[in-house]
Structures are given as C-alpha cells and as structure tokens.
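Subject: Structure handover and findings

Dear colleague,

I am passing a structure on to you with this email, and I would be grateful if you could look through it alongside the notes below.

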Amino acid sequence: MSRASKITLAGTSLAAVAIVFFVHYGQQAEKTAMHAGVVRDMERQKVKKERQADFEMQRELEGEYRKVQTVHDGDGGGKADAGG
C-alpha cells in the first residue's frame with residue numbers, strides 16, 4: 001500500500017469516527033433536553049393541580065363564610081354621611 005493511500009485511509013477512518021462520535025453526542029444532548037422538558041411539564045402539572053386545589057378550598061370557604069356572614073357589595077350602603 002502506498003503512503004498516500006495509507007494517509008487517505010487513516011484520514012477517512014478518523015473522519016468517520018469523528019462523525020459517529022458527534023452524532024452520538026448530539027443524540028444524547030437531545031435526549032437529555034427532551035427529558036428535561038418532560039420533567040418541567042410534570043412540575044407544571046403538579047403546580048397547576050395544587051393551585052386548583054387551593055382555589056377549590058377557597059371557594060368552599062367563601063361559601064361557608066357567606067352562609068354565616070352577610071356580605072355587601074361595597075356600594076357604600078350603611079356608612080355614615082361625613083358631610084356634616
């Protein structure tokens with residue numbers, strides 16, 4: 001085998017190994033990014049469920065308080081006239 005053919009074979013082999021390595025690295029990085037997205041989505045769903053539960057609890061408390069207390073809509077009814 002001539003020297004030029006050995007250099008060509010080594011160069012193409014090195015290039016093929018480098019390409020395989022970089023493709024593998026890219027796939028691993030993409031897989032990690034996708035998994036991070038799934039984890040983020042799960043956290044968002046968890047927070048959403050917690051907020052919904054808090055909202056429902058507040059709604060129930062408001063209903064109970066409205067049964068016990070009389071609530072006015074803030075139209076100023078019942079306040080003393082400050083004009084004198």
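The notes below go from the chain as a whole to its aromatic residues and then to its salt bridges.

Please keep in mind throughout that this is a predicted model. The protein chain has 1 helix and 0 strands, and buried residues make up 1% of its 84 residues. The accessible surface of the chain comes to about 8,200 Å², of which carbon and sulfur atoms supply 60%.

Aromatic residues

The structure holds 1 aromatic pair. It is formed by Phe21 and Phe22, whose ring centres are 5.4 Å apart and whose planes stand at 65 degrees; since an angle over 60 degrees counts as edge-to-face, the pair is therefore assigned to that class. Phe21 is part of helix H1, which covers residues 3-68. As for Phe22, its relative accessible area is 56%, and because the cut-off for an exposed residue is over 50%, Phe22 is classed as exposed.

Salt bridges

How many salt bridges does the structure hold? There are 2 salt bridges, and I describe them in turn.

In one of them, the side chains of Arg44 and Asp41 meet with an N to O distance of 3.6 Å. Both residues lie in helix H1, where they are 3 residues apart, or about one turn of the helix. Arg44 has a relative accessible area of 56% and is exposed, whereas Asp41, with a relative accessible area of 40%, is partly exposed.

The other links the side chains of Arg66 and Glu62, with an N to O distance of 3.0 Å. These two residues likewise lie in helix H1, with a spacing of 4 residues, which is again about one turn of the helix. Arg66 is partly exposed, with a relative accessible area of 48%, and Glu62 counts as partly exposed as well, at 40% relative accessibility. Neither value reaches the exposed class, because that class needs over 50%.

With kind regards

Definitions and conventions:
Residues are numbered from 1 along each chain as its sequence is written. This is a predicted model: local features need pLDDT of at least 70, side-chain atom pairs count only at pLDDT 80 or more; totals for chains, interfaces and linings use all residues. Side-chain values use heavy atoms; hydrogens and water are left out. Rings of Phe, Tyr and Trp (its six-membered ring) pair if their centres lie within 6.5 Å; planes under 30 degrees apart count as stacked, over 60 as edge-to-face and the rest as tilted. Buried means under 20% relative accessible area, exposed over 50%, partly exposed in between (1.4 Å probe, protein chains only). Accessible areas come from the Shrake-Rupley method with a 1.4 Å probe; for residues, only the protein chains shown count as cover. A salt bridge is a side-chain nitrogen of Lys or Arg within 4 Å of a carboxyl oxygen of Asp or Glu.
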